[in-house]
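Me: I'd like to learn how to read a structure like this one. Could you take me through it feature by feature?

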Amino acid sequence: MMVPSDAELEALARRLGEQLRSHGETLVLAESCTGGWIAKIVTDLPGSSAWFDRGFVTYSNGAKIRQLGVDPALIEAFGAVSEQTVTAMAIGALDHSDASLAIAVSGIAGPGGGVPDKPVGTIWLAWARPGRDVQARHHSLAGDREAIRRQAVALALTGAIHCF
């Protein structure tokens with residue numbers, strides 16, 4: 001994946017916002033490795049308060065547990081960067097908000113923190129909507145910390161656009 005520019009990220013956020021607004025829906029975010037970057041891109045857009053409910057930056061495992069209600073046993077069994085945890089983050093974000101679409105992201109942006117089965121660049125994303133199956137996707141991204149995080153933001157927004 002090419003590393004997206006600020007303009008490309010803004011265009012994705014604008015497209016998602018237009019879809020949310022046209023369907024009368026709102027967005028909630030549960031961010032870990034992106035550290036609030038998705039929320040920043042979204043709130044940079046004038047009028048985003050019409051379709052953005054809130055964001056949770058749950059960088060630590062404790063924050064995932066306390067703010068989103070992620071079961072500590074999931075994190076213990078599968079790790080913070082896993083399909084199970086990111087799915088629970090998305091569900092927890094919906095449960096702790098008034099939104100109708102949740103995006104969750106957890107990953108290893110580096111330069112450290114990678115292990116053989118989860119190297120730097122491992123990202124899990126999830127999208128949840130009430131009454132629908134949670135969609136989760138794994139990506140192996142390349143580049144430095146900023147490139148990995150920037151790509152994760154683009155993938156998160158793109159996946160949400162495809163929820164409509």
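Predicted model: local features only at pLDDT ≥ 70, side-chain atom pairs only at ≥ 80, totals over all residues.

Me: Is Ala-93 buried or exposed?

Reply: The idea is to look at relative accessible area: under 20% is buried, over 50% is exposed, and partly exposed is in between (1.4 Å probe, protein chains only). Ala-93 counts as buried because its relative accessibility is 0%.

Me: And which residues does Ala-93 touch?

Reply: A contact means heavy atoms within 4.5 Å. Skipping residues up to four places away in sequence, Ala-93 touches Val-28, Ala-30, Phe-56, Leu-68 and Ala-102.

Me: Leu-68 is on that list. Which residues of helix H3 are buried?

Reply: H3 covers residues 61-68, and its buried residues are Gly-62, Ala-63, Lys-64 and Leu-68. Their cover includes strands S1 (27-31), S2 (52-57) and S3 (101-107), along with helices H4 (72-78) and H5 (83-95). After H3 comes Gly-69, with a positive phi near 75°.

Me: Let me zoom out. How many helices and strands does the protein have?

Reply: There are six helices and five strands. Going along the sequence, you read α-β-α-β-α-α-α-β-β-β-α.

Me: How does the radius of gyration agree with a compact globule?

Reply: The radius is taken over C-alpha atoms, and the globule rule is 2.2 Å times the number of residues to the power 0.38. For 164 residues, a compact globule would have a value near 15 Å, and the protein has 15 Å, so the two agree. The C-alpha atoms fill a box of roughly 45 × 35 × 20 Å along the principal axes. Of the 164 residues, 54% are buried. As for contacts between residues at least 6 apart in sequence, 64% of them join residues at least 24 apart.

Me: Now pockets. What is the volume of the largest pocket?

Reply: On a 1 Å grid over the protein atoms alone, a pocket is an open set of points where a 1.4 Å probe fits, with protein on both sides within 12 Å along at least five of seven lines; lining residues have an atom within 4 Å of a point. Points are joined across faces, edges and corners, and the volume is the space filled by probe spheres set on them. The largest pocket comes to about 200 Å³. Its lining has 14 residues, and Tyr-59, Val-81, Gly-107, Ile-108 and Ala-109 lie nearest the centre.

Me: Which residues line the second largest pocket?

Reply: That pocket holds about 170 Å³ of space. Its lining is Trp-127, Ala-128, Arg-129, Arg-132, Asp-133, Gln-135, Arg-137, Gly-159, His-162 and Cys-163. Strands S4 (122-128) and S5 (135-140) each supply at least two of the lining residues.

Me: Is Cys-163 buried or exposed?

Reply: Cys-163 is in the segment after helix H6 (145-161). This cysteine is buried, because its relative accessible area is 18%. Apart from neighbours within four places in sequence, Cys-163 is in contact with Leu-101, Trp-127, Arg-129 and Arg-132. Cys-163 and Gln-19 are 144 residues apart in sequence, yet 9.8 Å apart in space, C-alpha to C-alpha.

Me: One last thing. Is the peptide bond from Gly-110 to Pro-111 cis or trans?

Reply: Omega is the angle to check, and here the bond is cis, with omega near 5°. You'll find Pro-111 in the loop between S3 and S4.

Technical notes. Residues numbered from 1 in each chain as written. Heavy atoms only, no water. Helix = DSSP H or I, 4+ residues; strand = E, 2+ residues; numbered from the N terminus.
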